[in-house]
Amino acid sequence: MSKPVRIAVTGAAGQIGYALLFRLASGEVFGPDQPVHLNLIELPHAMDALGGVVMELDDCAFPTLEGVTTADSDHLEDGFRDADYVMCVGSVPRKQGMERADLLKVNGGIFGPTGRAIDAAAAENVKVIVVGNPCNTNCLIAMSHAPRVPRENWFAMTRLDQNRAKSQLAQKAGVGVGDVNSLAIWGNHSPTMYPDFDHARIKGTPVPQAISDHDWLKGEFLTTVQQRGAAIIKARGASSAASAANAALDTLKDITRPTPEGEVFSAAICSTGQYGIEEGIMCSMPLRTDGTTWQVVEGWEHDEFAQAKIQASVDELKSERDTVRDLLG
Ligand SMILES: NC(=O)c1ccc[n+]([C@@H]2O[C@H](COP(=O)([O-])OP(=O)(O)OC[C@H]3O[C@@H](n4cnc5c(N)ncnc54)[C@H](O)[C@@H]3O)[C@@H](O)[C@H]2O)c1
Ligand SMILES: O=C(O)C[C@H](O)C(=O)O
């Protein structure tokens, strides 16, 4: 049996964790012939609950699950040891009436210790996906405490927003979601995010030609995607979990498999100045990869409307970064 891929998941006993772990263990991401080892991390008081999740993982009898290691948040290095991938879910979700940025006060302090422990214990080429909100800025915090880990190995999750935008466009156009391609999310995982409909395609046709209702594109479409998280909290009484876990798995697939022709994937990455976006902020952009090395898709042109929307989200990211200066390494 080949060497297992080791995936660490923080917050493993939470809602998203419960929707995520069994799919990871089943071989969905790395295939039926690639064993996986799960490193599961939780708060001390949640370790018993995590033990129950581990029992259920055992009881699924997944041939691809080589083993499980558990650690509490007082022993983070044990939890991240030799991890090839880290999925940082562990954090507090918002309640109705809150913005994700309001979570910085309660969640921001998690990600400095997380970054230091990843730096100390994870595998040499570890790749980190931050889900915990506000995910862009939490990722920036963790990354700033992990100088050993290349900047290009850090991702904050905006794939849920991409999935949401594709679904809305497909429904509006009366097509299957698989007919919608090249939809990228720019900026912050917040109400300022910009789903870039200009560069998306429906059955190969640019969206502004496939959907003639441009007022809808510039209005209800944007606000539906931007406010979807809050809408789900209002409807469910809890924040998204299964769709978030699905997007986390999509992100793991996105960064480990070649991007199909005509497609892009969205994740917030550490800007190196692409599109004039200030270096060093974690900004969602259109990406493509050969399965090993990713690039930002260059050369997309934006009209004034799009430029203003993207700039507003970039400005918000800069403001959040300034807010957490004391938490940065
Ligand atoms: N980026 C996205 O698109 C997206 C989508 C959905 C949810 N989220 C965010 O994901 C996070 C988790 O959401 P959830 O619904 O799973 O919440 P949850 O409360 O159900 O689970 C969170 C788990 O994290 C654990 N935890 C808290 N602090 C921890 C720490 N320091 N170390 C390890 N574990 C810790 C808790 O014990 C809990 O079990 C929230 O911040 C939420 O806002 C992001
Ligand atoms: O909106 C939230 O707080 C949860 C998550 O970020 C989402 O987009 O569903």
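Student: What volume does the largest cavity have?
Tutor: This is a predicted model, and in it the volume of the largest cavity is about 30 Å³.

Student: How many cavities of 30 Å³ or more are there?
Tutor: The count comes to one cavity of 30 Å³ or more.

Student: Which residues line the largest cavity?
Tutor: The lining of the largest cavity consists of N136, T137, L140, I281, M282, L317 and R321. Two elements, α6 (135–144) and α12 (304–323), each give two or more residues to that lining.

Student: Which element gives the most to it?
Tutor: The element that gives the most to the lining of the largest cavity is α6, with three residues.

Student: And how does that lining divide by class?
Tutor: The lining of the largest cavity has four nonpolar residues, two polar ones and one charged one.

Student: Where does ligand 1 sit?
Tutor: Ligand 1 sits in the largest pocket. The space taken by ligand 2 is also the largest pocket.

Student: How many residues surround ligand 1?
Tutor: Ligand 1 is surrounded by 25 residues, of which the closest are Q15, E42, S91, V131 and N133. The shell around ligand 1 divides into 12 nonpolar residues, 12 polar residues and one charged residue.

Student: What lies 2.8 Å from an oxygen atom of ligand 1?
Tutor: That is a polar side-chain atom of S91. The side chain of H189 also has an N or O atom 3.2 Å from an oxygen atom of ligand 1. From V131, a backbone N or O atom lies 3.2 Å from a nitrogen atom of ligand 1.

Student: How much of ligand 1 does the protein bury?
Tutor: Taken alone, ligand 1 exposes 860 Å², and the protein buries 88% of that.

Student: Now for ligand 2. Which residues surround it?
Tutor: The shell around ligand 2 is made up of R94, R100, N133, L160, R164, H189, G229, I233, S239 and S240. Both α7 (159–173) and α10 (228–236) supply at least two residues of this shell.

Student: How many residues of the shell around ligand 2 are charged?
Tutor: Three are charged, while five are polar and two are nonpolar.

Student: Which side chain has a polar atom 2.6 Å from an oxygen atom of ligand 2?
Tutor: The side chain is that of H189. For R100, a polar side-chain atom lies 2.8 Å from an oxygen atom of ligand 2. In the side chain of S240, an N or O atom is 2.7 Å from an oxygen atom of ligand 2. Ligand 2 exposes 260 Å² when taken alone, and the protein buries 94% of that area.

Student: One more topic, the backbone. Is the peptide bond from N133 to P134 cis or trans?
Tutor: The peptide bond from N133 to P134 is cis, with omega near -10 degrees. P134 is found in the loop between β5 (127–130) and α6. N133 is also one of the residues around ligand 2.

Student: And what is phi of A61 near?
Tutor: Phi of A61 is near 50 degrees, which is a positive value in a residue other than glycine. A61 lies in the loop that runs between α2 (47–60) and β3 (65–72).

Technical notes
Residues numbered from 1 in each chain as written. Chains lettered and ligands numbered in written order. Predicted model: local features only at pLDDT ≥ 70, side-chain atom pairs only at ≥ 80, totals over all residues. Heavy atoms only, no water. Near = heavy atom within 4 Å. Polar contact = N/O pair within 3.5 Å; in protein donor to acceptor, adjacent residues only side chain to side chain. Areas by Shrake-Rupley, 256 points an atom, 1.4 Å probe, with all protein chains shown as cover. 1 Å grid on protein atoms, 1.4 Å probe; cavity = no way out; pocket = protein on both sides within 12 Å on 5 of 7 lines; lining within 4 Å. Sits in = over half its atoms within 2 Å of the grid points. Helix = DSSP H or I, 4+ residues; strand = E, 2+ residues; numbered from the N terminus. Nonpolar A, V, L, I, M, F, W, Y, C, P; charged D, E, K, R; others polar. Points joined across faces, edges and corners; volume = space filled by probe spheres on them.
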